[in-house]
Amino acid sequence: MIEFPVLSLMTFLPLLGALFIMTVRGDGEEAARNVRHVALYTSLFTLALAVYTVGRFDETEAGFQFVEYYEWIPSIGVAWHMGIDGISLLFVLLAALLTPVCIVASWESIRVRVHEFMAAFLILETLVIGTFCALDSVLFYVFFEGSLIPMFLIIGIWGGPRRIYASYKFFLYTFLGSVFMLIALIVLFLEKGTTSIPELLDDPVGRDLQMWLWLAFLASFAVKLPMSPVHTWLPDAHVEAPTAGSVFLAGILLKIGGYGFLRFSLPMFPEASQHFMPLVFTLSVFAIIYTSLVALVQKDMKKLIAYSSVAHMGFVTLGIFSASVEGVQGAIFQMLSHGLISGALFLCVGVLYDRLHTRELGAYGGIVNNMPRYATLFMIFMLGSVALPGTSGFVGEFLTLLGAFEVSTLFGTLGATGVILGAAYMLVLYRRVVFGPVTNPEAAKMRDVNDRELVVLVPMALLVLVLGIFPGLVMHRIAPSVELLVSRYEAGIHQSGQDAVAPEVSNAR
Amino acid sequence: MQGEFEFSAWVPALPEIFLALASMALLVAGAFIGNKGTRVVCYAALWSIAVTALILIGRDWGRSLVPGGMFVMDSFAGLTKLMILAGLFAVVAMSIRYLHQEQINRFEFPVLVMFAGLGMMLMVSANDMLSLYVALELQSLALYVLAAFHRDTAYSAEAGIKYFVLGAISSGMLLFGISLIYGFAGSTNFDMIAHRLEDMEAIRLPILVGLVFVLVGLAFKISAVPFHMWTPDVYQGAPTAVTTLFALVPKVAAMALLIRVLFGPFAAMAPDWGQIVTLLAVASMIVGAFAALGQENIKRLMAFSSISHMGYALIGVIVADEGGVGSVMLYLLIYMVMTAGVFAVILSMRRDNLAVESIGDLAGLARTRPFVAFAMAALLFSMAGVPPLAGFFGKFFIFVEAVDAGYYVLAVLGVLTSVVAAYYYLRIVKVMFFDESAEPFDPNKSLSGRAVLFVAALFVLTFIAWPQPVISIAYDASKALFIQ
């Protein structure tokens with residue numbers, strides 16, 4: 001079998017599509033339609049490549065697969081180095097899956113500057129897939145940071161009334177966080193003499209340096225994920241972004257933060273991770289409880305879901321820094337499931353917004369009468385967000401809480417209250433929008449979901465259910481890599497413990 | 001030095017000799033043809049610059065001195081001169097139409113640009129305090145006149161006067177510093193000063209006093225804070241074609257001169273001057289970032305932007321080793337390309353045949369001129385240092401060198417100010433892409449302007465694909481300074 005560079009291909013295919021779109025001239029409806037089709041087919045082809053990769057992926061292998069290595073900046077040893085393991089595999093698939101969803105979702109709602117919108121989205125996909133595949137820290141940073149540009153434009157050009165404020169806030173917040181990571185990456189590079197992530201993983205740096213580097217990475221990933229108290233950009237960005245932008249933001253971009261913790265913080269700085277675990281747990285639990293309470297009083301649907309995202313990401317950090325196999329698996333599962341569910345919830349809000357042009361909870365009510373299909377789909381995603389057993393949301397929250405309980409009963413218990421609060425705000429949302437008296441005659445006249453919306457929402461609903469019933473589909477793919485990750489972490493802890501007691505042992509002998 | 005004149009000994013200075021002769025010839029020719037021949041003189045100037053560059057490329061870039069030791073040619077000078085010539089070429093090419101539009105098409109313009117360029121080329125090859133001073137004055141005098149070139153407008157005249165008065169003060173300081181150094185070292189020759197400093201510890205302190213004055217003079221030329229006061233006013237007041245020149249070329253030449261002085265005669269005093277340069281770098285980064293936030297005039301904004309860029313480049317100087325200088329050269333190279341592209345856009349900002357300069361005038365450019373807006377956005381994001389654009393790599397290498405030498409605080413300060421600076425670059429992008437369209441600009445008929453913009457945008461966008469050659473060129477050139 002001839003190895004072909006499937007990861008590079010998957011990364012650059014959307015970029016090619018974007019370049020092609022930029023050459024399509026004309027402003028008319030005809031040109032816009034062509035552009036939409038080009039974008040859709042490009043993203044579908046990327047999805048096919050992603051599915052192919054998942055199929056060819058060796059589930060028993062814990063290390064990196066499909067590795068590509070080309071010289072890039074040989075004078076400092078930075079290389080075009082790509083590869084995926086069980087941790088990144090499914091994020092790539094998620095990104096490839098959500099891009100066509102976003103493109104279909106903006107089929108009719110984006111009417112101005114369709115060229116730029118589709119091109120920006122495809123470039124965003126390139127950068128995000130690149131982020132997940134990169135095995136070189138500089139390359140990772142380039143992709144990671146580069147994704148700010150298209151998202152900035154998407155929020156700023158096609159966003160709501162406060163889009164300019166939201167886009168600035170998004171860009172500057174994330175930029176500020178990630179420049180610290182840049183310095184940390186440089187320090188790591190100079191310390192170890194390599195930028196290759198597999199090599200950096202093999203051999204952790206000294207304890208004191210770990211602390212600083214860990215904090216620098218935290219600055220970046222905590223903003224991206226986001227963790228409280230640096231989450232405040234997220235509600236603004238979500239509310240102002242167009243539907244597709246919100247879907248991609250919640251579905252993929254937030255996950256880069258969690259992925260970063262798994263790729264860098266936990267395995268490269270095990271001692272620092274252990275040292276700062278109480279901090280992360282406190283912030284996570286704070287995020288879960290505080291943002292859930294905030295979500296409870298929101299009147300804007302998008303804002304409510306945005307705050308719920310922060311709360312759900314709190315579970316992710318709980319799981320990751322419990323540093324147990326269950327916790328980390330749960331965190332990955334939670335991220336994938338949240339990518340689907342919150343993405344779908346934003347789509348659901350988008351469906352209503354397209355019809356009534358408001359996101360106010362109070363403007364709706366009793367729409368179950370005229371939109372039964374919508375009510376059913378919305379219910380599945382709502383229950384997934386509540387983490388009802390049988391939906392994918394349950395598996396992730398359960399496992400991350402399990403991981404948290406293994407470490408600390410207190411934090412586990414506090415985290416578990418988030419599940420209850422989550423049920424509270426989601427059920428309130430659902431009841432006020434879907435059930436209840438019909439308060440707005442306009443809302444009572446809305447059409448039910450059309451075929452285009454169904455094509456997007458039904459597969460996502462099925463995925464939520466399938467993953468909830470057969471979590472093994474995900475688990476057995478990620479298990480070897482997660483076990484390797486956790487064993488690396490424990491070896492790192494163990495190593496330092498041994499260094500500390502080593503003299504005594506030798507004396508005893 | 002006595003004896004017969006031997007031409008072959010002067011060959012290292014051949015590009016400068018040619019440029020000097022060509023400039024004088026064009027001056028005479030221009031005087032005869034008059035202003036109606038401006039265009040012809042401009043084209044002749046372009047040819048002269050191109051031929052000079054060819055002569056330069058054809059030469060061996062190994063270290064060589066001319067008789068008297070006042071002029072040194074090495075690969076560091078070679079690369080810098082090539083950058084200077086490329087900048088001059090772009091400026092002259094882009095200003096032909098501008099001079100005509102602004103009705104200042106006098107033939108002196110290209111001639112003065114050539115004289116300024118000659119001064120700059122001599123600067124980067126200076127190997128003696130006297131040749132340094134003469135070269136610096138040659139370029140400064142030409143630039144004073146150029147700043148006031150649009151003499152009928154008060155702004156331009158003000159820019160010229162301001163630049164001249166402040167420039168004269170800085171020259172005075174420079175000369176005072178040189179005289180102190182001469183007094184204690186007993187020589188103005190760089191190599192001799194270096195020897196004396198190594199031999200005699202006692203003269204270091206008094207020489208440091210002289211060096212401070214020299215540094216003040218040079219800091220003025222690269223507009224490092226706190227000697228930057230002239231920059232915003234001159235950038236804003238001078239005709240845009242001249243501002244383009246100011247932003248592109250003298251900065252690079254002065255920075256190269258600064259490096260040559262610090263790493264040549266005063267290499268042994270690196271810890272001493274390092275403190276001074278640190279102050280300049282930190283102040284430039286901070287003032288450049290914060291002062292630009294409130295600017296409405298795009299030329300003024302670019303002035304502060306250039307101040308902050310010089311701050312970053314100075315970090316590489318502080319590092320004081322081969323890698324540090326290499327990163328400065330790389331930074332300057334990328335800076336030149338980005339700035340050339342941005343000024344190509346600023347030159348094309350005209351409405352009803354009048355130049356407009358406020359940021360608000362760019363409103364809705366993405367609608368009226370999608371490709372220009374796209375290119376400009378790429379250049380601005382690159383200036384902000386956002387990957388995957390070229391500007392990121394410039395900053396990246398600076399920070400790598402800074403961290404490598406242990407200057408963590410500088411690196412952190414650098415990234416923090418780059419976040420602040422990102423705000424004002426974003427603001428221009430916001431105006432172009434998010435705001436409602438203003439009246440469209442006049443069609444840009446300047447072929448050279450469009451070509452420069454295209455090349456610059458292509459460079460920042462595709463730099464990532466194959467960065468190694470450019471990086472190697474910059475790093476290799478800087479090795480010349482460290483051969484003993």
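**View 1. Ala387(A), a buried loop residue.** Ala387(A) is buried, because its relative accessible area is 8%. Buried here means under 20% relative accessible area, exposed means over 50%, and partly exposed lies in between (1.4 Å probe, protein chains only). Ala387(A) sits in the loop between helix H15 (372-386) and H16 of chain A. Helices (H or I, at least four residues) are DSSP runs, numbered from the N terminus. Phi of Ala387(A) is near 75°, a positive value in a residue other than glycine. Most residues other than glycine have a negative phi, and most peptide bonds are trans.

The model is predicted: local features need pLDDT of at least 70, side-chain atom pairs count only at pLDDT 80 or more, and totals for chains, interfaces and linings use all residues. Residues are numbered from 1 along each chain as its sequence is written, chains are lettered from A and ligands numbered from 1 in the order in which they are written, and side-chain values use heavy atoms, with hydrogens and water left out.

**View 2. Gln103(B), an exposed loop residue.** Gln103(B) counts as exposed, at 66% relative accessibility. Its place is in the loop between H3 and helix H4 (108-124) of chain B. Phi of Gln103(B) is near 55°, a positive value in a residue other than glycine.

**View 3. Two cis peptide bonds.** In chain A, Leu225(A) and Pro226(A) are joined by a cis peptide bond, with omega about -10°. Pro226(A) belongs to the loop between H9 and H10 of chain A. In chain B, a cis peptide bond joins Pro387(B) to Pro388(B), with omega about 5°. Pro388(B) lies in the loop between H15 and H16 of chain B.

**View 4. Thr400(A) and its neighbours.** Thr400(A) is part of helix H16 (residues 392-407) of chain A. Thr400(A) is buried, with a relative accessible area of 0%. Its side chain reaches the backbone oxygen of Gly396(A) at 2.9 Å. Leaving out residues up to four places away in sequence, Thr400(A) touches Phe315(A), Gly319(A), Gly327(A), Gly330(A) and Ala331(A). Contact means heavy atoms within 4.5 Å.

**View 5. Salt bridge of Lys169(A) and Asp236(A).** The side chains of Lys169(A) and Asp236(A) meet in a salt bridge (2.9 Å, N to O). The pair links distant parts of the chain, 67 residues apart: Lys169(A) is in helix H7 (residues 163-192) of chain A and Asp236(A) in helix H10 (residues 233-240) of chain A. A salt bridge is a side-chain nitrogen of Lys or Arg within 4 Å of a carboxyl oxygen of Asp or Glu. Lys169(A) is buried, at 17% relative accessible area. Asp236(A) is buried too; its relative accessible area is 10%. Over all chains, the count comes to 27 salt bridges.

**View 6. Salt bridge of Arg207(A) and Glu271(A).** Arg207(A) forms a salt bridge with Glu271(A), with the closest N and O atoms 3.4 Å apart. Arg207(A) lies in helix H9 (residues 207-224) of chain A and Glu271(A) in helix H12 (residues 270-296) of chain A, so the pair ties together parts 64 residues apart in sequence. Arg207(A) is partly exposed, with a relative accessible area of 38%. Glu271(A) counts as buried, at 10% relative accessibility.

**View 7. Salt bridges in chain B.** Lys81(B) and Glu16(B) form a salt bridge, their closest N and O atoms being 2.5 Å apart. Lys81(B) in helix H3 (residues 75-101) of chain B and Glu16(B) in helix H1 (residues 14-33) of chain B are 65 residues apart. Lys81(B) is buried, with a relative accessible area of 0%. Glu16(B) counts as buried, at 3% relative accessibility. Elsewhere, Glu158(B), Lys162(B), Asp233(B) and Arg300(B) are linked in a network of salt bridges.

**View 8. Where chain B meets chain A.** The contact takes 40 residues from chain B and 35 residues from chain A. The area buried between chain B and chain A is about 3,400 Å², and carbon and sulfur atoms give 84% of it. Buried area is the accessible area (1.4 Å probe) that two parts lose on being put together, summed over both. Across this interface of chain B and chain A, the rule finds zero salt bridges.

Key
Helices (H or I, at least four residues) and strands (E, at least two) are DSSP runs, numbered from the N terminus. A polar contact is a pair of N or O atoms within 3.5 Å; within protein, one must be able to donate a hydrogen and the other to accept it, and residues adjacent in sequence count only if both atoms are side-chain atoms.
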